[in-house]
Amino acid sequence: MAHFLKDTSHTFGEYLLIPGLTTEESTPDRIQLRTPLARFSPARDGASRINLNIPFVSAIMQSVSNHTLAIELARNGGLSFIYSSQPIDEQVRMVRKVKKFKAGFVTSDSNLRPDQTLRDVVELTKRTGHSTIGITHDGSAKGVLRGIVTGRDYRLSTDSLDRKIEEFMTPFENIIYGKKGITLSEANNIIWDHKLNSLPIIDDENRLHYFVFRKDYDSHKENPLELSHSEDKTLLVGAGINSRDYMDRVPALVNAGVDALCIDSSDGYSVWQANTLHWIRQQYGDSVIVGAGNVVDAEGFRYLVDNGADFVKVGIGGGSICITREQKGIGRGQASALIDVAEARDKYFNETGVYIPICSDGGIVHDYHMVLALAMGADFLMMGRYFARFDESPTEKLKINGTIVKEYWGEGSNRAKNWQRYDTGGVAEKNMKFEEGVDSYVPYAGPMKDNLEQTLSKIRSTMSSCGTANLTELRNNAKITLVSATSIVEGGAHDVIKKELNS
């Protein structure tokens, strides 16, 4: 007969945190949210190859994770996994856009020849959105630098579009530049000393290699948690993959410079994910970071880890747009799933000395649920609805019944048409005959940065009340209690008449 689990399946809303002793070390201003992304051995490696500065990653969804959201989340310390339910070349293009947006040495993708015209300048500026154009002998990014054109070098109201670039560009002899090998700090000093907006970096043959921009320096100062490579300051970005076209998709993403991959599936406990992991390990060894999932118990966790997963995603059916439980009767309360997998992760660490980060995916309704998920063992959280509300997500703003909203749909919905996410082998067309996600709206919330700062402030304040200064202390020392239905009601405003403000 079937195996029956004795424990009730619980959600985050059924728990509360018990306060701990708040000390000088656990005040909100001292709390650290840095957390590992990929497997590591503390004894051998010291730390994970990638550490997030905030414990947030964005969901692998068409309505959430494109390049614009990936850029803004990385600038604020988290990581996006750009959605995979699109052609490979389109996903690669998004990854490259994130990698080009960096606070540091930027390879120019806006270049022309001196014999081209102002018309070419205007067209290139419209296409790329970049106002600084490197003028090289052959119009390439690594050509011999002849000059620079910015918006201050021409007037569209008076200049002919047929005017040659060499007639109005700032010529090489008037350009202040840096030599290849210069440090970013030295380049920024030159920019500040000479009141420049940009500094071209050339080699001994005067070939253009990079630009360093003043705005990137300012941006980094405004975003101290920015998630970027220490060497070249490129932002970090992840990408979703599936278990069908991975032999083509993975090499393309790796060549584009992706920093981490994640197999996207509603149910990750499958031979198809094992096959995908095996192929990646055979082709790339341990050089490529790849996560897998989703699972809801210790067995699923161990299966993916034994097959090479660098991190494991936990959660089935708990997302706000997910109806997998409703359609298939498959899943588990997110809190119970997370507690079970966290225990398996700790057991694995004790056995092997290797730490496997786990990602809680779904079940977040209120901000305090984030702290509960982290206290229950999650190293970081994957969220869709939370990020879909912001300006930086790819969907349009709409006005519905007087309320501004943004569209938000599940990868299992007909709108996403992503049969690869629900791959169970066999003929692809037979895999998805019903929906496991809905098409919906979420209230528009404005820019990510403002909202994220408020959420992180709540998390730090809650951790302070728990007497914990970092996420490891929270996992080890937090006290958590189940609550009754009556105490849930007690926790909100009750027995009062709330004031309704007239608009």
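A: The face of H9 turned away from its buried side carries Glu299 and Asp306, both exposed; exposed means over 50% relative accessible area, buried under 20%, and partly exposed in between, with a 1.4 Å probe and protein chains only. Helices are DSSP runs of H or I of at least four residues, strands are runs of E of at least two, and both are numbered from the N terminus. This is a predicted model, in which local features need pLDDT of at least 70 and side-chain atom pairs count only at pLDDT 80 or more, while totals for chains, interfaces and linings use all residues. Residues are numbered from 1 along each chain as its sequence is written, and side-chain values use heavy atoms, with hydrogens and water left out.

Q: Which residues of helix H9 are buried?

A: In H9, residues 298-306, the buried residues are Gly300, Phe301, Leu304 and Val305. Viewed down the helix axis they fall within an arc of 130°, so they line one face of H9; the arc is taken from the directions from the helix axis to the C-beta atoms.

Q: What covers the buried residues of H9?

A: The cover includes helices H8 (271-284) and H11 (334-352), together with strands E15 (290-295), E16 (311-314) and E17 (358-361). Contact here means heavy atoms within 4.5 Å.

Q: How is the packing of two helices described?

A: Two packed helices are described by the angle between their axes and the distance between the axes. The axes are lines fitted to C-alpha atoms, for helices over the stretch in contact, and angles run from 0 to 180 degrees between N-to-C directions. H9 and H11 pack at about 45° with their axes 8 Å apart. That makes H9 oblique to H11; angles under 35 degrees count as roughly parallel, over 145 as roughly antiparallel, 65 to 115 as roughly perpendicular and the rest as oblique. Among the residues that meet are Phe301 and Val305 in H9 and Val341 and Tyr348 in H11.

Q: Which residues touch the most other members of the largest nonpolar core?

A: A nonpolar core is a set of buried Ala, Val, Leu, Ile, Met, Phe, Trp, Tyr and Cys residues joined through side-chain atoms within 4.5 Å. Of the 99 residues in the largest one, Phe56, Phe81, Leu261, Phe301 and Phe387 touch the most other members. H11 supplies the largest share of this core, 7 residues. Apart from it lies another core of 12 residues, including Val121 and Tyr154.
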